[in-house]
Amino acid sequence: MITVSTDGSCLRNPGGSSGWAWVNHDGTSAAGGIASGTNQIAELMAVLEAIGAHPGPDHLQIESDSQYAIKCASVWVAGWKRKGWRTAGGKPVSNLALVQGIERAISERTGPVAFTWVRGHVGNHFNERADELCGQAARETQAGHRAGPAVPTAESDSLF
């Protein structure tokens, strides 16, 4: 089993520089930033990037302190898809391209993907490391020192 912690950060929510990160419990990690986003976009990007970076048949366990990202990827997605990517209230799904990218990445991965919620900022080593990395990526992006993948839009392809 592969266990990965993810996190996202936005310096000024919404619209500020944002960062995402994943930390594999084997010590490997990745992070990136976007010039303008939200904390929700950053959390979803972290999940999408983590799935894409860990292909294969092994069970992938993603730990996140974002209930929003976990529910988008594992609870709400089936209903949204069944309803033509509309919420229960009939509104368009927010961050649709990222949600669809995660759904596609999970379905194309040969091994299973599961999610666990962890409380943030309570000393969980891997969650704290992901938090440090995404914050650093957001700050470097704000300063113009880091470029990450573009946020997919409804008109573009996903990141994978």
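## A walk through the sheet

Start by selecting Trp-22: in this predicted model, Trp-22 stands opposite Ala-30 in strand S3. Now widen the selection to both strands around this pair. Strand S2 covers residues 16–24 and strand S3 covers residues 29–37, and the two pair in the antiparallel sense over seven bridges. For another of these pairings, pick Gly-16, whose bridge partner in S3 is Gly-37.

Next, follow the chain from S2 into S3. The two strands form a hairpin, with four residues between them. Click on Gly-27 in that turn, where phi is positive, at about 105 degrees.

Five strands make up an open sheet with mixed pairing, and you can trace them in the order S3-S2-S1-S4-S5. Look at the edges, where you will find S3 and strand S5 (113–117); each has a single partner strand, so one side of each is left without a neighbour in the sheet. As you step across, the twist averages 20 degrees from one strand to the next. Strands of a sheet pair through backbone hydrogen bonds, either parallel or antiparallel.

Now select helix H2, residues 67–82. This helix lies across S4 and S5, and runs at about 155 degrees to S5.

Is Ser-66 buried or exposed? Its relative accessibility is 7%, and buried means under 20%, so Ser-66 counts as buried. Which residues does Ser-66 touch, leaving aside its neighbours within four places in sequence? Show Glu-43 and Trp-117: Ser-66 is in contact with both.

Conventions. Residues numbered from 1 in each chain as written. Predicted model: local features only at pLDDT ≥ 70, side-chain atom pairs only at ≥ 80, totals over all residues. Heavy atoms only, no water. Pairing = 2+ DSSP bridges. Buried < 20%, exposed > 50% of the residue type's maximum accessible area, 1.4 Å probe, protein only. Contact = heavy atoms within 4.5 Å. Axes fitted to C-alpha atoms, helices over the stretch in contact; angles between N-to-C directions.
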